[in-house]
Amino acid sequence: VKNGAAVFLAAFIALGASWCGFVLAPVLQLGGAKQAAVLNSSDIYPLQPVGDATLGLQVYRAEGCAACHTEQVQQDGVLCDVVLTSPGKNPAAVSSLVSSLTLQNLTKDAADAVANQITLAGGKSETHVFATGTDISRGWGVRHGVAADFLYDYPVQLGSLRAGPDLSDIGVRAPAVNWQLLHLYAPRSVTKNSTMPSFKFLFEVRKIGDAPSPDALNVPKEFAPDDGYEVVPTPGAKQLAAYLLGLRANVPLYEAPFTPPEVPTNSPADKK
Amino acid sequence: MGGPSCYIKFGTIMFILSALMLIVSGCPQISRVTQFTWFCPAQVQLQIFGFFAMIMFGAIYHLLPRIMGFELPFPKFVRAHFWISIFGVLLFVVPLAVGGIEQGLKLHDPAIGIAGVTRATLPFLRVSTTGQLLLLLGSLMFAANIFVMTFKWKLALLKTAFAAVIAPLETSEVKS
């Protein structure tokens, strides 16, 4: 080949540049990511999944859940509500000021200005930040997805098609393990219009022995097997349910701030 | 119309189309609607079946008879496969893309539940499956041509080898 070296060099530079952009730069940015601090709290996020939840990721992957479900919430931006916490020494002036101002759905700058006015009048206020966007209004989460959500996931199951809902915080939306298992066994028994295929093969339908199994599902009559039979989840189903319950992207982080409605719900006491 | 060169022409057009789809879905204003919908699979399938597979079919139909030294066993299948592929690819990809856009618009309306959004795409997916079945039919025709041809070629090779084995030796090679 004529100019072989030039062709090689050009190809090397072209591929090397894209490698730097797509592999090296992200690794430098996020390769050393660690658990992040939750805003206004001593908690860290995400908690390392243990036991069944770790194995559940592989079941999620094997069943191809990511073909129809995403784990990334998108948001358009944030808006602020200013909440009056204390009217201060001059309640009449503050309340007349507050009634003349718009306190909800403000941009950050407008909220700061309003808070400033209230402070000048002697009152005290809090600014509540919340994310906006279609996904948020659909109830698929409280903030957009961030890299920290996937810290312990390997491989990351981002997903690229929404034939079903986003699952970033399915553990918050449906925190009951029985609901999850029933939904896997017979999706239409819990959500009427669902188009999700049934994952019956993750369950064992067997004859009730001397006593019913403690794991047996309470299946509605329409979807239940014949009398004398029970539906028992296999380890795979339990692992998948544990993984789904562990998807709880609902804490404010530095890169995705918002004001949580009450105390952060990521504490172990809240995990069901 | 329908010879191997037509495959290459159609494949090239589909390559340009799929590249345009990729560029369009890279624009933030448009990707707001098309992301997470069937539009992206439509683009990928157009690239695979419209561009890559078509170019490969054309190349194989053109090269194979020249390499093996005899004509394709079912030459009429080449033409039929071409037209079936065109309709198959279009029936496969166009409903997916249109359904994807509709799905994207509906995903942006929080009043419509996710189940409603998915159900709205089902008619598109059904038409799209028809296209896939057409593609399967075309591929079966392709396979028939290739397998029969390979079989004939191997048979011819065997025959030649067998003939060489049982041929009487030249007198010059016989030891006296």
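At 32% relative accessibility, B:Trp83 counts as partly exposed. The model is predicted. Across its chains, the ring-pair rule gives 14 aromatic pairs. One of them joins B:Phe82 to B:Trp83: the ring centres lie 5.3 Å apart and the planes meet at 75°, so the pair is edge-to-face. The angle qualifies because edge-to-face requires planes over 60 degrees apart. B:Phe82 has a relative accessibility of 2% and is buried, whereas B:Trp83 is partly exposed. Both residues belong to one aromatic cluster.

The interface between the two chains was examined next. The size of an interface is often given as the accessible area lost when the parts come together. Here the area buried between chain B and chain A is about 1,500 Å². Carbon and sulfur atoms give 58% of that area. In chain B, the residues that lose the most area to chain A are B:Phe36, B:Ile114 and B:Arg119. Together these three account for 42% of what the chain B side buries. The contact draws 19 residues from chain B and 18 residues from chain A.

Polar contacts also cross the interface. Between chain B and chain A, 12 residue pairs are in polar contact, with both residues at pLDDT 80 or more. On the chain B side, the elements that give two or more residues are helix 4 (75-107) and helix 5 (114-166). Helix 5 of chain B supplies the largest share, 6 residues. By class, this side has 9 nonpolar, 6 polar and 4 charged residues.

Side chains of opposite charge can pair when their charged atoms come close. A search of the whole structure finds 10 salt bridges over all chains. B:Arg32 lies in helix 2 of chain B, and A:Asp76 lies in the loop between helix 2 (52-62) and strand 3 (77-86) of chain A, so this pair joins two chains. The closest N and O atoms of B:Arg32 and A:Asp76 are 3.2 Å apart. Across the interface of chain B and chain A, the rule finds 1 salt bridge. B:Arg32 is partly exposed, at 39% relative accessible area. A:Asp76 is exposed, at 53%.

Other salt bridges lie within chain A. A:Asp169 pairs with A:Arg173, the closest N and O atoms being 2.7 Å apart. A:Asp169 is buried, with a relative accessible area of 6%. A:Arg173 is partly exposed, at 30%. A:Glu204 forms a salt bridge with A:Arg206, and here the closest N and O atoms are 3.9 Å apart. A:Glu204 is partly exposed at 39% relative accessibility, and A:Arg206 is partly exposed at 31%. Salt bridges that share partners also join A:Asp135, A:Arg162 and A:Asp166 into one network.

Three individual residues complete the account. A:Gln180 is found in helix 7 (residues 177-185) of chain A. A:Gln180 is buried, with a relative accessible area of 2%. Beyond its neighbours within four places in sequence, A:Gln180 is in contact with A:Ile170, A:Ala174, A:Ala241, A:Leu244 and A:Leu245.

B:Ser25 sits in the loop between helix 1 (4-24) and helix 2 (28-34) of chain B. At 19% relative accessibility, B:Ser25 counts as buried, because the buried class covers values under 20%. Setting aside neighbours within four places in sequence, the contacts of B:Ser25 are B:Ser31, B:Thr34 and B:Phe39.

A:Pro260 lies in the segment after helix 9 (235-245) of chain A. A:Pro260 is partly exposed, with a relative accessible area of 22%. A:Pro260 and A:Phe130 are 130 residues apart along the chain, yet their C-alpha atoms are separated by 8.3 Å.

Definitions and conventions: Residues are numbered from 1 along each chain as its sequence is written. Chains are lettered from A and ligands numbered from 1 in the order in which they are written. This is a predicted model: local features need pLDDT of at least 70, side-chain atom pairs count only at pLDDT 80 or more; totals for chains, interfaces and linings use all residues. Side-chain values use heavy atoms; hydrogens and water are left out. Contact means heavy atoms within 4.5 Å. Buried area is the accessible area (1.4 Å probe) that two parts lose on being put together, summed over both. A salt bridge is a side-chain nitrogen of Lys or Arg within 4 Å of a carboxyl oxygen of Asp or Glu. A polar contact is a pair of N or O atoms within 3.5 Å; within protein, one must be able to donate a hydrogen and the other to accept it, and residues adjacent in sequence count only if both atoms are side-chain atoms. Helices (H or I, at least four residues) and strands (E, at least two) are DSSP runs, numbered from the N terminus. Ala, Val, Leu, Ile, Met, Phe, Trp, Tyr, Cys and Pro count as nonpolar, Asp, Glu, Lys and Arg as charged, and the others, Gly among them, as polar. Rings of Phe, Tyr and Trp (its six-membered ring) pair if their centres lie within 6.5 Å; planes under 30 degrees apart count as stacked, over 60 as edge-to-face and the rest as tilted. Buried means under 20% relative accessible area, exposed over 50%, partly exposed in between (1.4 Å probe, protein chains only).
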